[in-house]
Structures are given as structure tokens and as C-alpha cells.
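Morning, everyone. I have one chain to walk you through, and a few minutes to do it. Have a look at the screen.

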Amino acid sequence: MRKLALCLFLPVLFGSMKCRSALGAEGQYRLTEGDTISVDVWELPQLGGMRAVRPDGEVTLPLVGSVPAKGLTVVELGAEIARKLSEFLVAPRVSVDLVAQ
């Protein structure tokens with residue numbers, strides 16, 4: 001949360017282009033290459049963990065493989081991961097958090 005706050009306020013002072021380009025029109029942070037995320041799959045920790053968004057904009061997870069992440073919010077990415085996991089699991093619960101930019 002602190003890093004997101006810095007991303008929101010530092011551009012005002014210093015004009016950081018990465019932070020500006022990563023915020024969508026609605027003001028929600030959009031993932032980009034190099035971001036680090038934490039993926040949590042409820043009751044199945046082996047399917048989650050810390051992941052980096054690769055230069056091609058995707059993250060790799062056990063069972064589902066590569067998932068496009070660039071341009072998505074953490075909520076959208078969580079929903080996409082849950083959708084892919086639903087091919088293997090009944091009603092998977094997934095949460096994604098931004099750890100570092």
C-alpha cells in the first residue's frame with residue numbers, strides 16, 4: 001500500500017512516467033513488467049506464492065501455466081487466475097496483491 005501511495009504522489013513532484021502509465025483511467029494500478037505480486041489460492045498455498053511479471057507481461061503459475069498480467073488490476077488478474085483454475089478445481093478463491101513495482 002505504501003508503494004502504491006508513493007506511485008500516486010511522486011509523479012506530482014517528479015513526473016515519473018512509469019507510475020503515470022500504470023494507472024488506468026479509473027485510477028487503479030495496472031500491472032506492468034517487473035512488478036512483483038503475491039498470489040494466494042485459498043487452502044492450496046502450493047498453487048500461489050510470489051511471482052514477477054515477466055518482460056512479456058505474463059506470470060507463470062503451477063497447474064495453469066502462463067497467465068497474461070500486463071495491463072490488468074490485481075482484482076482482474078485474480079479473477080483470470082480463478083477462471084483458469086476452475087478447469088481443475090471447484091470454485092477456487094484467489095487473491096492477488098501487489099508487493100513491489
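The chain exposes about 6200 Å², and carbon and sulfur atoms supply 61% of that. Areas here are Shrake-Rupley values with a 1.4 Å probe, and for residues only the protein chains shown count as cover.

Now the ground rules. This is a predicted model: local features need pLDDT of at least 70, side-chain atom pairs count only at pLDDT 80 or more, and totals for chains, interfaces and linings use all residues. Residues are numbered from 1 along each chain as its sequence is written, and side-chain values use heavy atoms, with hydrogens and water left out.

How confident is the predictor? pLDDT is its confidence in each residue, from 0 to 100. The chain averages 85, and 75% of the residues score at least 70. Residues 8-18 stay under 50. For that stretch the model has eleven contacts (heavy atoms within 4.5 Å) beyond four places in sequence.

Next, the layout. There are three helices and five strands. From the N terminus, the order is α-α-β-β-β-β-α-β. These are DSSP runs: helices are H or I, at least four residues, and strands are E, at least two.

What about the inside? Of the 101 residues, 32% are buried, meaning under 20% relative accessible area with a 1.4 Å probe, protein chains only. The largest nonpolar core has 18 residues. Such a core is a set of buried Ala, Val, Leu, Ile, Met, Phe, Trp, Tyr and Cys residues joined through side-chain atoms within 4.5 Å. V39, L77, I81 and V94 have the most contacts inside this core. α3 gives the most to it, four residues.

Last, L77. Beyond four places in sequence, its contacts include L31, I37, V67 and V96.

Key. Buried < 20%, exposed > 50% of the residue type's maximum accessible area, 1.4 Å probe, protein only. pLDDT = per-residue confidence, 0-100.
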